[in-house]
Structures are given as structure tokens and as C-alpha cells.
Amino acid sequence: MVTTLENMKTKTCNRQMKLFFLIFLMAFTFATWMGPWAQAQVFAKKDATSFYKKSYEEARFQFLESVQALQKSDGFKIQQQAYADPIDSQLTSNTALIQTKSAQPATNLIVVMSGLHGIEGYIGSALQSKMIEQDLDPKNSHTDYLFIHALNPYGFKNNRRVNRNNIDLNRNFIIDPKDYVQKNTAYAEINSFLNPTDTVTLNFLSRTGFIFSAVKLILQSSLETLREAILKGQYEFKDGLYYGGHDHQYQQIFIDQIASQTFTKYKKVFALDLHTGYGQRNKLHILADSMKQPSAKQLNAIFTEDRIDYGDKKKFYRTTGDLITYLQSKSTPTTEVIGATFEFGTLDSQKTLGSIESLRRMVLENQNFHHPANAETTESVDLLFQDMFYPQDLNFQTEVMAQAQTEFSKIVGQYK
Ligand SMILES: [Zn+2]
């Protein structure tokens, strides 16, 4: 019995050894076969949606990391700068001038800017990092890139669209100082509707009341007239929506510096400003000021005329003090500056109901900022506002990346 048992033990032991060896062999073969593939994954493209971050700090960190990674690659040389908010030095706008390493200096510059409207920086920043990591072509020696990250870091950090002075920076880049004292009478007439001074109440009744008042106003004029009156900007009500301020903000100083020191080294500059919130959901709208502006011909050649929503086309509106128009005014006889805005629609604001809902969220956020309600209401208001500018919807976020890549490649293609 003992011998048999010993034999059995030996047999079992042999069998275990064989099995162990077989598993080891399989694991070794698998690892050898997988090795190069696993390595390739380290350098493979990130999933586009991984570029979306949860805070201004995370977004800035990612931007700086993307730039640093590019610096290590062979194709580009990079100059970086940080412009601090004059009141809080922790808040910075960061720039990266990315130049191809060619013997002849490039003649074209593509500028990509994010976060002029603070909270819209989440998407703008994600797109910038994605472009830096995946969409630049070092072989195109005629074109350099300038990325400006978080133009309004205060707004980005605090999930506001405006800056700390309640100023809408895309109404603040005034060229003629007389525009700072212009009157928007149509806005003034509905100021109490746009900027209520009581605290926010969120319930069915208050929502219906807002919709009812908005519909009444639309019936009195038209959706287009009302939209233009509200959105074109105003320079009178400092706590109100779309307030353009009464003088330039600090951002204008460094934008001027960039224009005079960097733009002037190139023959052609294309400025792209990234925004969210306006227009059909899941759609990238390309906005430009006027069909009659000198750059319209070139913009049409890049994107086609149908693709561009000019402010003076039917159903659209023009604004005062926008950044792209300001930058275009920096053209000189030797440097031509043109540009456009990419706007990713979120709430179908081209339709009447979407337009009213967009306005309601804008009103609520601004009202609650100046006349804060309790914590619970504040949280609900903030969520509605964030959903308008940074929807946590995978389909939206994927579409943004794909459509931006398509349109951005048209700009890159034109400046070869
Ligand atoms: Zn915007």
C-alpha cells in the first residue's frame, strides 16, 4: 500500500510539474507575442474623451504636460509663457509657441485660444491638448502654432463665463473706445427681466413664469430681434448679462503684446477661438462677424460659405467687442490676421424653446451670483449652468473632438 501510495505521489508530482511547465511555456509564449503590442500601446493615441478634465488646475496641468511631451519629440522647438491674473497669481493663462525646426522660418502662424469665457475652457482646453498631442504636423515647415490656454482663468476656476468684474470678455475687446459708452436701448427695456434682483427660486411655477415672459417678449418683437438685443452686448449694467465693461481688462495687454511681438514675425496668421453653448446640440458652428469683412473670402475658401454662420446672415446676430475682430484689426501691411470662432452647440438654442432655456440658465446663474440663494438652490443652478457649457455626455464629447478635428484640418491644410 505504501509503495503504491508513494508511486501515486510521484506520478501526481510529475503531472503537476508537467502542468506547471506547460503553463509557464504558454505564459512565456503569450508574453513574448504580446510584448511589442503592449509596448506599442504606450505610444498609441489616447482615447479622445480622456482629454476632458474636471477642474481648471487639472486642465492646465494637462496642457503643460502635452506641451512638455511635444518638446521632447524631435520635430518642434517650443517657447512658453505664463500670464498671471493681477489679483490672484495662482490663476494663469499659459501660452506655447510651437515652431517647426526648419532652416527657413515659417511664414504662417495658427493661433488656438481657449477659455475666454471661463467655463467654456473645459472643452477648449481638452481640444487644445488633443491638437497638440495628435493633430500637429512637424513636416509642414511653413506653419507654426501658438496655443493660448485659459484666457479667463478666474472664470474657468470658478465655473463662470465672465471675469471677476462680471465682464464678458468677448464683448470687451473694443477697438474704438467710443463703443464703451454705447447704449443698447432694446436691452435696457428688458433689463429687469434679464437681471432680476431677488433670490432664485427653482420650481415649476418659476420656470413656467420665465417661459411665459420670454414668449411674450418674442411675440412683441421677434426671436431674432430679441436675441440680437440681448447677445450683442451692453455697457451700462455692470451686474447684468453680456456686460462688456468700460475699459480693457488685463487680457488685452498680453494679447496686444503677443500680437506685436509674435504675429509680426509671420506673413499670415489664423486665429481660432474655442467656445461652447450656442447653437444646435452636438454641432460645431463656425462663427465670423460679417460676410462683408475682407477676410470673408479666405474663410469661405477654407470652410465654404455655407458652413460659416456670419453675424449678418439671416437669423444670426453681430456682437460688439469680440476677440477675433480685435485680432483681425492687428493686421499690418506685412502681416495679415484672419480668424473665426468654433462654437459647440449644447441646448439647441437655434430653436425657440432651446433659446429660452439657454437664456433661463444664463439669467439664473448671474442672478444667483449677485443675490445668492441657499446652498441647495446654488448647487442646482450651477449644475444647470455647467450642463449648458460642459455637458457630461459621451456622445457630445466624442462629436466635439471629431468635428473639431475635421474643421481644424481644413485650416492646417490651407496654411501648408
Ligand atoms: Zn463663449
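Visitor: Which residue forms a salt bridge with Glu357, and how far apart are the closest N and O atoms?

Guide: The general idea is that side chains of opposite charge can pair when their charged atoms come close. In this predicted model, Glu357 pairs with Arg360, and their closest N and O atoms are 3.1 Å apart. Both residues belong to helix H12, 3 residues apart, which is about one turn of the helix.

Visitor: Is Arg360 buried or exposed?

Guide: Arg360 counts as buried because its relative accessibility is 8%, and buried means under 20%. Glu357 also falls under that cut-off, at 12%, so it counts as buried.

Visitor: With which residue of helix H7 does Glu357 pair?

Guide: Glu357 forms a salt bridge with Arg207, with 3.4 Å between the closest N and O atoms. Arg207 lies in helix H7 (residues 204-220) and Glu357 in helix H12 (residues 352-370), so this pair ties together parts that are 150 residues apart in sequence. Arg207 has a relative accessibility of 39% and therefore counts as partly exposed.

Visitor: Where do the partners Asp312 and Lys292 lie?

Guide: The side chains of these two residues meet in a salt bridge, at 3.8 Å from N to O. Asp312 is in the loop between strand S7 (308-310) and helix H11 (323-328), while Lys292 is in the loop between S6 and H10; the pair is 20 residues apart. Asp312 counts as partly exposed because its relative accessibility is 23%. Lys292 is exposed, with a relative accessible area of 72%.

Visitor: What is the nearest side chain of opposite charge to Glu343, and how far away is it?

Guide: That side chain is Arg161, 6.9 Å away. A salt bridge needs the nitrogen and the carboxyl oxygen within 4 Å, and Glu343, although buried, has no salt bridge. Its side chain does reach the backbone nitrogen of Tyr278, at 2.9 Å. Glu343 is in strand S8 (residues 336-345). Leaving aside residues up to four places away in sequence, Glu343 touches several others, including His275, Thr276, Gly277 and Lys283.

Visitor: Which residues are the protein donors of the zinc ion?

Guide: They are His117, through ND1, Glu120, through two OE entries, and His275, through ND1. These donors lie 2.0 to 2.6 Å from the zinc ion. In sequence, the donor residues follow the spacing H-x2-E-x154-H. Glu120 sits in the loop between strand S3 (108-113) and helix H3 (121-135), and His275 sits in strand S5 (residues 268-277), so this pair, 155 residues apart, links distant parts of the chain. Glu120 counts as buried because its relative accessibility is 2%. His275 also has 2% relative accessibility and therefore counts as buried.

Visitor: Which residues does Leu146 touch?

Guide: Not counting residues up to four places away in sequence, Leu146 touches Thr95, Ala96, Leu97, Leu109, Ile110, Val111, Val112, Ile258 and Phe263. Leu146 is in strand S4 (residues 143-149). It counts as buried because its relative accessibility is 4%. Leu146 and Thr262 are 116 residues apart along the chain, and their C-alpha atoms are separated by 9.1 Å.

Visitor: Where is Ser295, and which residues does it touch?

Guide: Ser295 is in the loop between strand S6 (284-288) and helix H10 (296-303). It is buried, with a relative accessible area of 5%. Apart from residues up to four places away in sequence, Ser295 touches Gln328 and Ile338.

Visitor: How many helices and strands are there in the chain?

Guide: The chain has 14 helices and 8 strands. Of its 416 residues, 49% are buried. Among contacts with a separation of 6 or more, 78% are between residues 24 or more positions apart.

Notes:
Residues are numbered from 1 along each chain as its sequence is written. This is a predicted model: local features need pLDDT of at least 70, side-chain atom pairs count only at pLDDT 80 or more; totals for chains, interfaces and linings use all residues. Side-chain values use heavy atoms; hydrogens and water are left out. Helices (H or I, at least four residues) and strands (E, at least two) are DSSP runs, numbered from the N terminus. Buried means under 20% relative accessible area, exposed over 50%, partly exposed in between (1.4 Å probe, protein chains only). Lys and Arg count as positive and Asp and Glu as negative; His and the chain ends are not counted. A polar contact is a pair of N or O atoms within 3.5 Å; within protein, one must be able to donate a hydrogen and the other to accept it, and residues adjacent in sequence count only if both atoms are side-chain atoms. Contact means heavy atoms within 4.5 Å. Donors are N, O and S atoms within 2.8 Å of the metal (3.2 Å for Na, K and Ca); water is not among the atoms, so sites may look incomplete.
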